[in-house]
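Me: I would like a close look at a single part of this protein. Please keep it brisk.

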Amino acid sequence: MSQFDELLAAVPTGLWIDGSPVAAVRGDTFAVHDPATGTVLTEVADATAEDALRALDTASRAQREWAATAPRERAEILRAAWQLVTDRAEDFALLMTLEMGKTLAESRGEVAYGAEFLRWFSEEAPRIQGRYTTAPSGNGRILVTKAPVGPCLAITPWNFPLAMGTRKIGPALAAGCTMLVKPASETPLTMLLLARVFADAGLPAGVLSVLPTSDAAAVSGPLLADPRLRKVTFTGSTGVGKTLLEQSAGQVLRTSMELGGNAPFVVFDDADVDAAVEGAMAAKMRNGGEACTAANRLIVANAVREEFTAKLTDRIAALTVGPGYRDGSDIGPLINEKQRTSVTDLVDDAVAAGARIRTGGGPVDGPGWFYRPTVLDNVPADARIVAEEIFGPVAAITGFDTEDEAVAAANGTEFGLAAYIYTRSLDRSLRVADALEAGMVGVNRGVISDPAAPFGGVKQSGLGSEGGTEGIEEYLETKYVALEL
Ligand code: NAD
């Protein structure tokens, strides 16, 4: 038995409902693929509406008792889950590389990052605060308490199969909410392994369910229409987020939306160009470019543009493309054929509009969904690649002359998730960070995600924050008790 087979044999492949893996009511399964080869890794149970409602039955039954569990006990379970994920880091990393394609180094990074949400929120569970104060009139007292929202549905994407789950599950469980997770159909295995880890950590049956499905809308629709569900938290594309917001109106659900991005990466003429190149490698090439925080538009001062572009091109041209589990690979495959076609089309459109290919440009022949790491210079402002999320290893560079021009270009999008700026001036850092319409701004750094910081977007990039002290608030209701003494 190969190392892969041994790992896959240890991953539950049923729906995770009421504390154990079960077959779907109709008995159907669907295939999970290795994007580096296109071959089938395994089959998992395929949830339907009936299964979803069965899971909601267990979540709503478990809700009252879980909410009444001592915060310290909830904290201990989360902490134990953090420990178990950390102990099994290599299993989680290899599993993510197998089903998603990213390199093992990237997967190991995600395991550490994803697990940290469990530890962070274990520390937040005992710190849920209320307040007690005298009314300004002096005639009464104001008591404010926090209560868990209730059963939640989490819908997660394939690009960070562990972390996009844990940053929802961590705060939900810490707050005292039960949760159903519908992982992306491309990457359900990581979440199923996490469910087993939570059971091993002592999480009561029914508190966490995992519902892989080949038909996301068929599973989420009936859940969103059921009055027992109280919240939906989603990470994915803006289009699907809008649909879920519409559907959430029926039961007036609490919503958290982490949607698409189109991050500007602005390099000013007073930047340390080598540091900016280093930052751009991280902001662009992390996760093979398949990150919502990925630098989508490199907006570079014309005074340093050629130096920056030449140095970045050297770095990107030196990247080795290959299966994520092969030693020496820097960039794995894209998730599937559809994603690769989308990247190919964006690059072709930019080139037709006048962009110049400095390196790469085009898919890699052979099995798997590989795309060559690419640098495009002279990208016209009206090319589709400037307006749309690339989600691939393609750096698109445009130039600017003045700070006002750079800020206007950076803000010229309906998205507002992450933004990056490189400058040696403190004044300029703070001025531009203020002016950018983004939920998160990196100053002289290309990686901003941190479980201790609030992650979230403005404009069409979303609603709410994940992580930080803010993250748990998304899973808490505020209750006011008016007291006459
Ligand atoms: P997607 O929106 O297609 O899918 C995300 C999830 O939604 C998957 O689980 C999918 O099965 C489910 N889904 C799809 N259609 C649905 C429907 N009609 N009803 C209910 N669920 C449905 O996005 P994707 O291709 O998986 O991920 C890429 C997108 O996610 C990018 O746009 C990226 O920017 C975004 N993303 C955002 C963040 C963030 O935090 N803001 C993080 C990662 C990815």
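Me: Which exposed residues does the face of H14 turned away from its buried side carry? Please describe the surroundings of that helix too.

Reply: The exposed residues on that face of H14 are Asp404 and Ala408. An α-helix has 3.6 residues a turn, so residues three or four places apart point the same way.

Now the other side. H14 spans residues 403-411, and its buried residues are Glu403, Ala406, Val407, Ala410 and Asn411. They sit on the same side of H14 because they cover an arc of only 120 degrees around the axis. Several elements cover these buried residues. Among them are three strands: S12 (263-267), S13 (295-301) and S16 (394-400). Helix H15 (426-435) is also part of the cover.

How far can you trust this? The model is predicted. Mean pLDDT for the protein chain is 98, and 100% of its residues reach 70 or more. Confidence is lowest in helix H1 (residues 3-9), with a mean of 94. It is highest in strand S7 (residues 152-155), at 99.

One more site deserves a look. Leucine 259 lies in the loop between strand S11 (254-258) and S12. Leucine 259 has a relative accessible area of 6%, so it counts as buried, the cut-off being under 20%. Leaving out residues up to four places away in sequence, its contacts include Phe234, Thr238, Cys292, Leu417 and Gln460. Glycines are also on that list, among them Gly236, Gly241 and Gly462. From leucine 259 to alanine 395 is 136 residues in sequence and 21 Å in space, C-alpha to C-alpha.

Conventions:
Residues numbered from 1 in each chain as written. Predicted model: local features only at pLDDT ≥ 70, side-chain atom pairs only at ≥ 80, totals over all residues. Heavy atoms only, no water. Buried < 20%, exposed > 50% of the residue type's maximum accessible area, 1.4 Å probe, protein only. Helix = DSSP H or I, 4+ residues; strand = E, 2+ residues; numbered from the N terminus. Arc of directions from axis to C-beta. Contact = heavy atoms within 4.5 Å. pLDDT = per-residue confidence, 0-100.
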